[in-house]
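Please review the following briefing on the fold and packing of a predicted model.

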Amino acid sequence: MKLRKSLVGLAAVVALAGCASQPPHPVLYPNAYFDKVGQVQAKADIAYCEALANQYIQTRPQAETVGKDTLVGGAAGGAIGAIGGAIAGDPGTGAAIGAATGVAGGLLYGLFEANEPPPTWSAFVERCLEKKGYDPIGWQ
């Protein structure tokens, strides 16, 4: 019964984390060019540079990233849980709890990792924006 409640709680946390995450976008310093073209044009240029990066930079699909991290988390959690359960006298329950915890942790990590753009992709977008006259200062 406790295991079932724990799994339901973990599933709720995972669902909320997946819904709350938004991909980061470049932040532009308000230089002379930014002031000249304005916020609306700057957003359009960011979208253009991101679309251009998507054409030229190979990225892993989000599902692949999340699936891999979930699988690794579940396997590691199951192994660690089995060891802990063996020490406590119940390796099967320990493995089940460890696997459930590992899956949840791996899934959360995968969701957040998949949400971060690859460094090469980010550099491409920044360079595109610089060539247009902007001064990108980071991502958020």
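**Core and helix packing in a predicted model**

The largest nonpolar core has 12 residues in all: Leu28, Phe34, Ala42, Ile46, Cys49, Ala53, Ile57, Trp121, Val125, Cys128, Leu129 and Tyr134. Such a core is a set of buried Ala, Val, Leu, Ile, Met, Phe, Trp, Tyr and Cys residues joined through side-chain atoms within 4.5 Å; buried means under 20% relative accessible area, exposed over 50%, and partly exposed in between, with a 1.4 Å probe and protein chains only. This is a predicted model, in which local features need pLDDT of at least 70, side-chain atom pairs count only at pLDDT 80 or more, and totals for chains, interfaces and linings use all residues. Residues are numbered from 1 along each chain as its sequence is written, and side-chain values use heavy atoms, with hydrogens and water left out.

- The most is given by helix 2, with five residues.
- In soluble globular proteins, nonpolar side chains tend to be buried together.

**Helix 2 against helix 5**
- The axes of helix 2 (residues 32-56) and helix 5 (residues 119-132) cross at roughly 140 degrees and come within 9 Å; axes are lines fitted to C-alpha atoms, for helices over the stretch in contact, and angles run from 0 to 180 degrees between N-to-C directions.
- Helix 2 is therefore oblique to helix 5, given that angles under 35 degrees count as roughly parallel, over 145 as roughly antiparallel, 65 to 115 as roughly perpendicular and the rest as oblique.
- On the helix 2 side, the contact (heavy atoms within 4.5 Å) is made by residues including Tyr33, Asp45, Ile46 and Cys49; on the helix 5 side, Trp121, Phe124, Val125, Cys128, Leu129 and Lys132 take part.

**Individual residues**
- Ile57 touches Thr120, Trp121 and Phe124, leaving aside residues up to four places away in sequence.
- Ala51 lies in helix 2 and counts as partly exposed because its relative accessibility is 40%.
- Ala51 and Val125 are 74 residues apart in sequence, and their C-alpha atoms are 8.9 Å apart in space.

**The chain as a whole**
- The chain has five helices and two strands, in the order α-β-α-α-α-α-β along the sequence.
- Of the 140 residues in the chain, 29% are buried.
- Among contacts in the chain with a separation of 6 or more, 78% are between residues 24 or more positions apart.

Methods. Helix = DSSP H or I, 4+ residues; strand = E, 2+ residues; numbered from the N terminus.
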